[in-house]
Structure formats: structure tokens, C-alpha cells
Amino acid sequence: MKTTSPTRGLNRLITDSFGRVARGYDTPLLQHMVYRPPQDQVIAELRAAGSRRIADIGCGTGILTTRILRELEPEQIFGIDASPGMLAQARTRSTRVTWMQSPAERLPFGDEALDAVVTTSAFHFFDQPAALAEFARVLAPGGLVAVSTVNPSGHLASPVRQLTRTTLSPYHAPSPSEVRNMVRVAGFEVSDQRRIHRPLPRWLIPDVITVGRKR
């Protein structure tokens with residue numbers, strides 16, 4: 001059954017734009033300040049779970065994917081992204097990762113093929129219920145899902161979320177409770193949800209990681 005959502009608005013434009021800025025994603029300061037903190041959390045969850053067949057969804061230029069390969073040495077590691085430009089950059093990083101172009105909502109795996117699915121700094125661009133349903137489909141029973149999401153807080157949270165729910169918005173920032181509910185509806189037991197600590201004020205990048213296991 002086809003699933004539609006405001007989170008998929010202008011998706012082709014967004015995908016193309018990421019291809020044009022792929023090289024900029026690898027700057028050390030940007031990685032340290034913005035992207036590394038949720039990646040550290042995901043690495044810790046994968047290590048604790050002992051996951052051996054892992055897919056990084058929305059892998060971008062492949063920094064987290066290759067960290068997983070280097071630090072955890074899984075049997076299989078896949079980097080999945082919808083942007084050809086991002087994947088072109090990722091492929092220069094490692095030939096030991098299987099890089100694949102695909103949207104999060106239609107993953108190129110058979111049923112129960114993986115032990116873990118992770119995504120950082122990308123979930124807000126997905127059709128979130130459809131993506132989570134795919135994560136559940138490709139994970140074996142007991143498989144790990146770890147999703148980091150940006151969750152606006154304070155007096156601006158409500159207007160920001162209302163704006164991103166419009167049909168033209170390519171971005172949707174769900175609340176932590178919304179993420180927990182979507183994860184449960186997709187077929188997971190939520191084992192943890194916590195703030196991601198980073199060297200920036202929380203109001204600037206107020207993100208949360210949600211961790212679950214497939215029922």
C-alpha cells in the first residue's frame with residue numbers, strides 16, 4: 001500500500017540539493033559540532049547490541065557508515081542514501097561498504113535481512129511512518145532500530161512543528177512522544193529515548209535518539 005506524507009514534499013529538490021553540497025558535509029568543524037554527537041550514540045547502541053548486519057539509512061557522505069565498519073567490524077555494512085552526489089562522495093571513503101541508492105521508504109533488502117537499522121540527521125526528511133514500516137520489514141525479530149531526530153523545544157516548538165506539517169514542507173520535526181508512538185506502531189518496543197548531548201546550546205540543535213527492538 002502506498003503511503004504519502006507531508007514529509008515527502010519537494011523530496012526530489014531536497015535530494016538534488018544534498019548532492020550539490022556533499023563536499024561541504026565533510027568539513028571537520030561541521031562534523032564535530034553537528035553530526036558526530038548522534039553518531040557516537042548510534043555507535044554505542046550498535047556495540048551494546050552486538051549487531052552484525054547493519055544498514056545506515058540516509059548515510060550521506062558515509063562518515064558514520066565507515067566508522068561502524070572500522071570500530072565494530074560487522075559482517076555486513078550498508079550505506080543507503082537517495083542522493084547520487086552524497087553516495088559518490090561516500091564511495092571514495094571505503095570499498096568495503098556496500099553503498100546503495102534508495103529512498104528510506106523502499107529499502108533494497110529482503111524481509112528480516114538485517115540485525116540493525118540506524119539513521120542520524122536524516123529522519124526529518126523521510127515519510128516517517130513509511131520508513132519505519134520498512135525498517136521493521138527488513139529487520140529480524142529482536143533487531144535494533146536507532147533514530148536520531150531534531151525536536152524543537154521551548155516557546156518556538158509548537159509553531160515550528162505546525163509549519164513543518166504543511167503539505168509543501170520537505171521537513172517534519174516530530175515531538176519525542178510522536179516519535180515513540182510511530183516507532184511502536186511500526187512494530188517496535190521502545191527501549192530508550194534520550195537527549196543527545198553536544199558542544200552547542202540545546203536550543204540550537206535540540207535532538208533526541210530513540211532506540212527500539214523489533215517485536
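Setting aside residues up to four places away in sequence, Glu45 is in contact with Leu144, Arg194 and Val211. Keep in mind as you explore that this is a predicted model. Glu45 sits in helix H2, which covers residues 28-49. With 16% relative accessibility, Glu45 is classed as buried, because the cut-off for buried is under 20%. Its link to Arg194 includes a polar contact between the two side chains, at 2.8 Å.

Let's move to the nonpolar interior. In soluble globular proteins, nonpolar side chains tend to be buried together. Here the largest nonpolar core has 26 residues, and the members touching the most others are Ile57, Phe109, Leu114, Phe126, Leu132, Phe135 and Phe188. Several elements supply at least two residues each, including strand E1 (53-57), strand E5 (139-150) and helix H7 (176-185). Helix H5 gives the largest share, with 5 residues. Apart from this core lies another, of 21 residues, with Val42, Ile43, Ala146 and Ile196 among them.

Now for the rings: the structure has 2 aromatic pairs. Phe78 is buried at 11% relative accessibility, and Phe109 is buried with a relative accessible area of 11%. The rings of Phe123 and Phe126 are also edge-to-face, because their planes stand at 80 degrees, with centres 6.0 Å apart. Both Phe123 and Phe126 are buried.

Definitions and conventions. Residues are numbered from 1 along each chain as its sequence is written. This is a predicted model: local features need pLDDT of at least 70, side-chain atom pairs count only at pLDDT 80 or more; totals for chains, interfaces and linings use all residues. Side-chain values use heavy atoms; hydrogens and water are left out. Helices (H or I, at least four residues) and strands (E, at least two) are DSSP runs, numbered from the N terminus. Buried means under 20% relative accessible area, exposed over 50%, partly exposed in between (1.4 Å probe, protein chains only). A polar contact is a pair of N or O atoms within 3.5 Å; within protein, one must be able to donate a hydrogen and the other to accept it, and residues adjacent in sequence count only if both atoms are side-chain atoms. Contact means heavy atoms within 4.5 Å. A nonpolar core is a set of buried Ala, Val, Leu, Ile, Met, Phe, Trp, Tyr and Cys residues joined through side-chain atoms within 4.5 Å. Rings of Phe, Tyr and Trp (its six-membered ring) pair if their centres lie within 6.5 Å; planes under 30 degrees apart count as stacked, over 60 as edge-to-face and the rest as tilted.
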